[in-house]
Amino acid sequence: MKLQDVDVAVIGAGPAGMAAAIKAKEAGAKNVVIMERAEQLGGLLHQCIHNGFGLLYFKEDLTGPEYAHRFIEKVMDTGIEPLLETMVIRISNDRAVSAVSKAVGYINFKPRSIVLAMGCRERTRGALNIPGSRPAGILTAGTAQRFVNVEGFIPGKKIVILGSGDIGMIMARRLTLEGAKVEAVVEILPYVGGLIRNEVQCVHDFHIPMYLKHTVAQIHGEERVEAVTMAQVDDNNCPIAGTERKIECDTLLLSVGLIPENELSLMAGVKLDPITGGAIVDETRQTSVVGIFAGGNVLHVHDLVDNVSSESELAGQSAASFAKEEKPLERGKIALKRGRNIRYVVPHTISGQKDVTLYMRVNHPEETVRIKVGDVMTKALRVVKPSEMLKIDLSTEELKRLGKETKQIIVDCEKREGR
Amino acid sequence: MSQLETEVLIIGGGVAGASIARELSKYKVDATLVEKGNDFGQGITKYSSTIMCQGANVLEFRAEYHNSRLVWAGMPLMEPLCKELNIPFKRIGSLELIKNQAGMRHPEKMMRRFSEWNDKYLPEAKPLQLIDRETLLSWEPNISKDVIGGVYDPNIAINDPVRLTIALAENAKQNGINVISETEVVGISCGTEKFKVQTNDGIVKCRFIVNAAGEYVSKIAKMVNADDFVLYPVKAYQGVLDKKLGGLINHMVLSTEHGMVTPTIHGNLFFGISPRTQRLGRIHDHSTDKKLADTALRHAQELVPDISARDIINSFVGFIVYRNFEVGWHECTVEISRWVPRFINASIGFPGICAAPAAAKEVVELLVKEGLKLEENPNFNPYRKAMPIFSELSDEEKRKLIAKDPRYGHVVCRCETVTEGEIVEAIKNGARTLDGIKFRCRPGMGRCQAGFCGPRVTKILARELGIPEEQVTKKGGRSRHLLYRSKELLEE
Amino acid sequence: MTREETIICVGCPLGCEIKLILSDRDEEIDVSGNKCKEGKQYALEEFSNPVRTLTATVLTKDSSQPLLPVRTSKPILKTLLRQGMSIIAETTVKPPIKMDDVIVPNLLDTGVDVIATSDLRS
């Protein structure tokens, strides 16, 4: 394994990393290395045994392991070297990579380009500051998913789920099918945090009570969870006195948000967007550090793995080009600014010279709207929700409408007439 | 255990009990330490805010207090002790912020008291300094700008109290003390020459008892009708902030009104409410509540404005045990019981960590007074071999370590970069639960709070202890993490 | 006698609550609440033939992998999910298994197999 002459080093072999590595190879990079801290390629797809993956990318309805399999086969076929059980512990801002593994010990090398594909982690109870005792039986939904779907354990038999994110709802179904009783799904916002499909097929199908505008105000139990107190919340998300209800349970699952894992990015000096939690990038997925690219959940939290793959292919392709030329790619000169009801837009800058797909999310749900990308184009939509990422394609033709001196485009979500 | 005969029984494996055990191990004494939890330092010790202080900044400190004298005697002992036990220790200094002229009263009092104490009790301590606003803000650009100056105490230091306690217990064991966990004292009867101590795992017969049971000191004393003191548990809300805030301040920053924000030895920031905001609690009730949490955060922001709720990775309520409100908040209870011979109470009060080494010496003197015969232990080894901390090694040291044992190349805790090698070592040294691993080598203390490492640490514990994974607990007893195997619930 | 059924459409993020009014022979009398015609189509199909893909895990023996993930090769009636799980719960598999291997043929006489969604090695 030649680490002397690496064109593209991809950090993470989940769906993002695999797609980036494959594309980098296809785009002509000779020596592509993929570094993964787990024992196998595929990342968290292995624990996502449910279906719903690949509807866009493959036009098939696949489970996580099946989706992973397609990319794993391709990684092996294209001659990419996976370094498994290898953890990158440092990246410098001139692309020096330090990594640790049982097999190769402690290694240092300097690839020509890097793709950050580290994914994200879950928000925790500590971060939520939920009052109460500190018993066993409090898990984030993703960790519970690993135990249930990979390790072979069911955390408890009476479950309360805090948060109506997709992982929480999917675990509601999974645990019910494994014989546990899910007593409630508790959501602090007035609307569901995940996809409609999951709301219907994971919660309503199983007659699990869902409480919107509620939160878990207290956890009870010394050694093991014994109950939680649920309360309604006011417009400031504070529990309303008098609305408390104690729910007996032995497990509390938390599905309250995902945070991109950018510790390595920060070490390398990559500038992050505080809203997405991920790097600030141009349309090639180049970050603020030359030669370092990013894609997938580490850049912004996606809903569909299909989009993770498409986006990461961009990053992989750009990394390969950079490795060949060893000079910065044409940086986007036009900044995309968040307008009305837009939470974020990725990429942050575009060149305006070629086709580009904008990924964005809104701040709050709205019906009968129009997404307006400056003077470039508009797209009418029946409904927008924060939980469903929007993809807006801009063609070179449409981009021609921009004035030569345009420095920024404002992206708005406007109300419109009609249906 | 069923039946055990020993000379000295130490009840409680917190920093007090463990220090006493280690001190006794310098002599050829048949001593036993029993701890009711499954690891050491899990009671009040765990909630210590990591500081070593000499009390000038603490409102109710008085020169005539026993506690003060123990703290001052303990301060110079702590750094060499940490070195012997291979425990991290860092002298960072503290800054008491003065917001306005009225606020000058306390710092003036502080400095006056310190200069009074300096010659008499604190000869090795560096003097306090009054710092003007400009200097203060140049040292600490990220503190609240609403200050007119501060008092700098260069003596303040930080360490890791739980690791210290575990290290003391290990060193005591290494030097011949019988150290037992998961053993709770449930009753004591007094004979003429011996005590008969009933535990949940058999009977211990001993001549001397040292009551170092922290939160439960009163409960144990009551068992022999020696509870002529009352201890008040006071809830102290504390929070740990993400490591990325670690560089915000370099010194511990405090004010009497707003409590304290300090860097920790591991690079996090830590905040704790001031004694003024602490509230009386109930023994063993460590539950947090929203009001306390919100107040604590607001106060911390008065000191360091850039702290936000988003950066809190964990929070908890610790206890400070005060002797009684009239005598003085800090007065400790390290004394031979007036009512029961050869029974020594060792509740070391607050601040406790820095008092511990001196309290331990004093307890040994008290035991001698009560008739314990001491003979030097020629084999006493003060040094405890350190567990390698992978994340702190140089590149070359990392390489060597992995070459020697490839398990040091397998990173299990990604947030804190802790390897399988370190986890296995911690288990060899006595960790048997997820919390045990957490407190010895950090998995579970990082920003993902065991989200990623939990399943893997569980597997390693199960493998090393030879138990099924579902029997691994968070903190012993009934705190199992995983209650059922796949498909078990469908069998019904 | 007519009866009412409410179906939440999952075709788009709107999640329209579609109300079906049916005759006593479950014939369509009225459909309302949908904001598009695909919604009506979905509601009628979902009412007459509510199907779901069942995904689960199977216990293993003689393998370092404790579980094998499986799925129904095609969606089955949602009313059969729990029963389907019972059958899957009684099954144990041994390596070697390849992705797509049939683990439980013709689940509950639906004509649909339960297949492996990943390999199983020892």
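The legends below accompany several close-up views of a predicted model. Residues are numbered from 1 along each chain as its sequence is written, while chains are lettered from A and ligands numbered from 1 in the order in which they are written. Because this is a predicted model, local features need pLDDT of at least 70 and side-chain atom pairs count only at pLDDT 80 or more, whereas totals for chains, interfaces and linings use all residues.

**View 1. The contact between chain B and chain A.** Here 46 residues of chain B are in contact with 40 residues of chain A, two residues being in contact if their C-beta atoms, placed from the backbone, lie within 7 Å. On the side of chain B that touches chain A, at least two residues each come from α7 (290–303), β18 (312–322), α9 (395–404), α12 (453–465) and β23 (484–485) of chain B; helices (H or I, at least four residues) and strands (E, at least two) are DSSP runs, numbered from the N terminus. Sorted by class, this side of chain B has 17 nonpolar, 16 polar and 13 charged residues, where Ala, Val, Leu, Ile, Met, Phe, Trp, Tyr, Cys and Pro count as nonpolar, Asp, Glu, Lys and Arg as charged, and the others, Gly among them, as polar.

View 2. Strand β12 (residues 153–154) of chain A pairs with β23(B) in the antiparallel sense over 2 bridges, and two strands pair if DSSP finds at least two bridges between them. Within β23(B), Arg485(B) is the bridge partner of Phe153(A). In the segment after β23 of chain B lies Lys487(B), a residue other than glycine with a positive phi near 80°. Lys487(B) is buried because 23 other C-beta atoms lie within 10 Å; a residue is buried if 20 or more other C-beta atoms lie within 10 Å of its own, exposed if 12 or fewer, and partly exposed in between, with C-beta atoms placed from the backbone.

**View 3. Strand β13 of chain B.** In strand β13 (residues 232–241) of chain B, 8 of the 10 residues are buried, so this strand is largely enclosed by the rest of the structure. β13(B) pairs in the antiparallel sense over 4 bridges with strand β16 (residues 269–272) of chain B, and in that pairing Val240(B) stands opposite Phe270(B) of β16(B).

**View 4. Domains of chain B.** The domain assignment of chain B gives domain 1 (1–89 + 159–230 + 323–386), domain 2 (90–158 + 232–317) and domain 3 (390–479), with bounds that come from an automatic or database domain assignment. The centres of domain 1 and domain 3 of chain B, taken over C-alpha atoms, are separated by 29 Å. Their contact takes 8 residues from domain 1 of chain B and 10 residues from domain 3 of chain B.

View 5. Most residues other than glycine have a negative phi, and most peptide bonds are trans. In chain A, a cis peptide bond joins Val346(A) and Pro347(A), with omega about 5°, and Pro347(A) lies in the loop between β23 (342–346) and β24 (349–350) of chain A. Asn341(A), which is not a glycine, has a positive phi of about 50° and is placed in the loop between β22 (334–338) and β23 of chain A. In chain C, a cis peptide bond with omega about 0° joins Pro95(C) and Pro96(C), and Pro96(C) is found in the loop between β8 (92–93) and β9 (102–104) of chain C.
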